[in-house]
Amino acid sequence: MKILGIETSCDETAAAVVEDGAKILSNVVVSQIDIFAEYGGVIPEVAARSHLEAMMPVVNKALSDAGCTWEDIDAIAVTHAPGLLGSLLIGTLTARTLAILHDKPLYAVHHLKSHVYANWLSGEKPAFPLLALVISGGHTQILYMPAHNQFEIIGTTRDDAVGECFDKVAKILGLPYPGGPSIAKAASEGDAEKCKLPHPKIEGLDFSFSGLKTAVLRAVQKELGLPISHPSYDLKNHLSEKQVADFAASFQKTAVEILCEKLALALEQHPDVQSVVIAGGVSANKALREALPEAYFPAPALSGDNGAMVAAAAYYEIISGVEPTDPYSLNIYPRISIEK
């Protein structure tokens, strides 16, 4: 079964052809990072317009790279939630139109579900029941999965997502957007023990990263002998490269420790778990991968948004008995739980 997956939830225009939920025949991603680097974040209207320009060239290249015609495609899958409204709209309208034109069944896929299923696209497959730690710029959740296409949220963030915290700390330190890669690069030259940062006192399996971001800000201000009223955007003008590296390393170490602590607690509470999978953009972080050697991680190229993970998720929906979506009535949801 060959599925065309389309992903446009944020700032990547992506399409891929995947066979039987595991074999990637093509995977095309056009990123908008270069556009938004100077702004330090995504501008939704600009993202939507960029998707509009790139969408069909990306789909056509995915088919060409896979050596497929429309006759070879068995189904179309598209991200319909959650994400930026305008970005989701471009992807879903494209998928709906193609499904109607080429008479293909259409599957609407939740974005976080896709990230989880990126772990089925390479190597050994995780065993059920499992825990999935979903970590990205917009989400930080622990999911319990007793079987394919069954999700229970057992832990979530109460404020910032961990990826968002990486972006904000990077901005404090004067590092470029996106924050994940730039923090990791700077941290490789720093002393992770230089700055002791607090762990949030949140009971249970929920997360909180807002306080960690503020703790970094206050530590930098203290290091520089500046008042807390000093604007955060100006701190980079006072920091040396060594100070930036040390703060980046200390922050990264603390963020990884927080994630690992909550995951360890979740495993204690769910002794039946056979596998742990890590999903989302932050899963590319090398320090986290080293801290969790027994967990399943997607290939680094599949950690970020891509069409292959959408196609894989749709495949497991299909074999789980999920019916296709009516292309004439498919809706988008900027915010919706994976449990829905």
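**Helix 5 and helix 8**

I looked up how helix 5 (residues 162-172) and helix 8 lie in this predicted model, and found that their axes come within 11 Å and cross at roughly 170 degrees. Axes here are lines fitted to C-alpha atoms, for helices over the stretch in contact, and angles run from 0 to 180 degrees between N-to-C directions. Helix 5 and helix 8 are therefore roughly antiparallel to each other, a label given to angles over 145 degrees, while those under 35 count as roughly parallel, 65 to 115 as roughly perpendicular and the rest as oblique. I noted that helices (H or I, at least four residues) and strands (E, at least two) are DSSP runs, numbered from the N terminus.

Which residues of helix 5 and helix 8 meet? V162, C165, F166 and V169 in helix 5 meet F251, Q252, A255 and L259 in helix 8, where contact means heavy atoms within 4.5 Å. By class, this contact has seven nonpolar residues, one polar and no charged ones. Nonpolar covers Ala, Val, Leu, Ile, Met, Phe, Trp, Tyr, Cys and Pro, charged covers Asp, Glu, Lys and Arg, and the others, Gly among them, are polar.

**How the model was read**

I kept in mind that this is a predicted model, in which local features need pLDDT of at least 70 and side-chain atom pairs count only at pLDDT 80 or more, whereas totals for chains, interfaces and linings use all residues. Residues are numbered from 1 along each chain as its sequence is written, and side-chain values use heavy atoms, with hydrogens and water left out.

I next traced an open sheet of four strands, in the order 8-7-6-9 with mixed pairing; two strands pair if DSSP finds at least two bridges between them. Strand 8 (152-156) and strand 9 (275-279) are the edge strands, each pairing on one side only. Strand 6 (residues 130-135) and strand 7 (residues 140-145) run antiparallel and are joined by six bridges, and I found T140 in strand 7 as the bridge partner of I135. Strand 7 is also antiparallel to strand 8, through four bridges, with Y144 opposite E152 in strand 8. In the hairpin of these two strands, which has six residues between the strands, N149 takes a positive phi near 65 degrees. Helix 8 (residues 241-269) lies across strand 6, strand 7, strand 8 and strand 9, running at about 160 degrees to strand 6.

**The largest nonpolar core**

I then asked which residues touch the most other members of the largest nonpolar core. Of its 50 residues, these are L173, I183, F251, I278 and L288. Such a core is a set of buried Ala, Val, Leu, Ile, Met, Phe, Trp, Tyr and Cys residues joined through side-chain atoms within 4.5 Å, buried being under 20% relative accessible area, exposed over 50% and partly exposed in between (1.4 Å probe, protein chains only). Helix 8 gives the most to this core, with twelve residues.

Finally I followed an open sheet of five strands, in the order 3-2-1-4-5, with mixed pairing. Strand 3 (23-31) and strand 5 (106-110) stand at the edges with a single partner strand each, so one side of each is left without a neighbour in the sheet. Strand 4 (residues 75-81) pairs with strand 5 in the parallel sense over five bridges, and T79 stands opposite V109 in strand 5.
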